[in-house]
Structure formats: C-alpha cells, structure tokens
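Visitor: Could you give me a close look at one part here, the place where the two chains meet?

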2 protein chains.
Amino acid sequence: MTDNKHKHRMEIRSKVWLEVDGKPVFSKGRGMLFHAIEKHGSINMAAREMGITYRRAWGYIKAMEERLGVKLVETRKGGAHGGGAELTSEAKDLLSKFESLKRGLDQQVDKRFDKLFVAGPKK
Amino acid sequence: MTDNKHKHRMEIRSKVWLEVDGKPVFSKGRGMLFHAIEKHGSINMAAREMGITYRRAWGYIKAMEERLGVKLVETRKGGAHGGGAELTSEAKDLLSKFESLKRGLDQQVDKRFDKLFVAGPKK
C-alpha cells in the first residue's frame, strides 16, 4: 500500500502478537515454526528450516507451553523414523485463530491506510 | 483484553508504523515527540520530556523530513523566549491521520481478539 501525497513512497507496517503476563507467547514467527513442525513432523527439521538451533526451537515451544499452561507439541522418541513431533489440537487451534486474526488486521491496516493517506480527505 | 480459555491471562498486542523506502518514518513514539513539541513550543523541552537528548530528537525530525520530503517542524532562533519550534500543518496532518489509524486498529484488534479467543467459536 503506497501513498501519493509525499515525495517518497510511504507504506504502512504492522505487527500483532499475543502475550501472557507481559511475555510474548505467539507471533508470526512462532506460527512459522508451528507450520514447519506440521510439515516435517520433526522439531529438528523445523528448526533447520527456520535457521535456528533445535535447542532454541525447543526453548520457544517450552516457553509457550509454560506461559499458556497447555501442551502444544507432542513428541515421540525413537522408533523407525527416529522419533517425531506433532502439533496438539490446542496448538492447531491457536495457530488458526492467530492467523485469522492477523489476516483480518492486515486487511484493515491496508484499508485504513488507503483511506487516510492515499485517497485523501473527503470533500 | 483477556482470554478465559487458558490457565494464564492472554493479551493481544499490536504495533503500527509508517515507513518510507523500508525505513521507519512515523510511529507512536514519534507522535509523542510531536505532541511534546506542540505542548512546549520547543524541541529542547520536548526532548527533555521524552527523556532523550536534543540531538536525538533533532535527528528523528530531520530523518522524518528527509524521508517524507516535507518540512515538519519550523524553528525560530533567538528572540525574547530564546527561539522555539512548532509543527507545520503537514506534521499536524500526519499526526492526526496516524492517530486516527492507530485508534481504529486498536479497536479492531481488541474486537477480533475478543471474538476469537474470549467468546470462543460460534455454535
């Protein structure tokens, strides 16, 4: 979304996230980690895709679970495929609600910016 | 806005800002600086209220003016009151539009969060 009233190209940016007791508990980045876990069925592979260490990904998950008081990722150890991980239904619910909220807000942000900064004041 | 489905108190947070060519050009913090300039008629006093140096406040203003290609703060040197500063009409317009946009979005954020996370899914 751009603006035609200024010499340079103006854009609107926004960010939305969830907190528990003032600490971040869900964001776009955490959502990407969840998607990667769903895709790979593995925290290790998901961490690799995100460019973070397994330890860090695990830390994020543990912090989210602790702050929310719910289990978000179920892990299985060993087995033919060397264990695996999957999102719990609570995690899927959180992910889908967050993304729905974010999608709706992104649209609102663009719409309001367009109305105020691009279209100009009503005559 | 809180959520009653999890053990802990969940809240939604959001941030909105304007960029030009990928660089921040207006935000809540810059808006506070503008308000302080309006109130005190002085960049120096405004900076003091914000807890930043004059040099820093001046840097913010210059960067905004450069990125937007418009004059935002008019300064007068010397005189009986040792100079002063005031917002241009462009700056007042930018401030009021940004705040209107932010207010509208804050309401939307709360509404959407309430609908998705507090009220629960429709039966």
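Guide: Strand E1 (residues 10-20) of chain A is joined by 11 bridges to strand E1 (residues 10-20) of chain B, and the two run antiparallel. Strands here are DSSP runs of E, at least two residues, and helices are runs of H or I, at least four, numbered from the N terminus; two strands pair if DSSP finds at least two bridges between them. This is a predicted model, where local features need pLDDT of at least 70 and side-chain atom pairs count only at pLDDT 80 or more, while totals for chains, interfaces and linings use all residues. Residues are numbered from 1 along each chain as its sequence is written, with chains lettered from A and ligands numbered from 1 in the order in which they are written.

Along the E1 pairing, Glu11(A) sits opposite Glu19(B), and Val16(A) has Ser14(B) as its bridge partner. Superposing chain A on chain B takes a rotation of 180° with 0.0 Å of shift along its axis, RMSD 0.0 Å (least squares on C-alpha atoms of residues with pLDDT of at least 70 in both). The two copies are thus related as by a two-fold rotation axis. In chain A, the C-alpha nearest that axis belongs to Lys15(A), at 2.6 Å.

The contact takes 32 residues from chain A and 32 residues from chain B, counting residues whose C-beta atoms, placed from the backbone, lie within 7 Å. On the chain A side, E1, helix H3 (54-68) and helix H4 (89-118) each give two or more residues.

Note on methods
Two residues are in contact if their C-beta atoms, placed from the backbone, lie within 7 Å.
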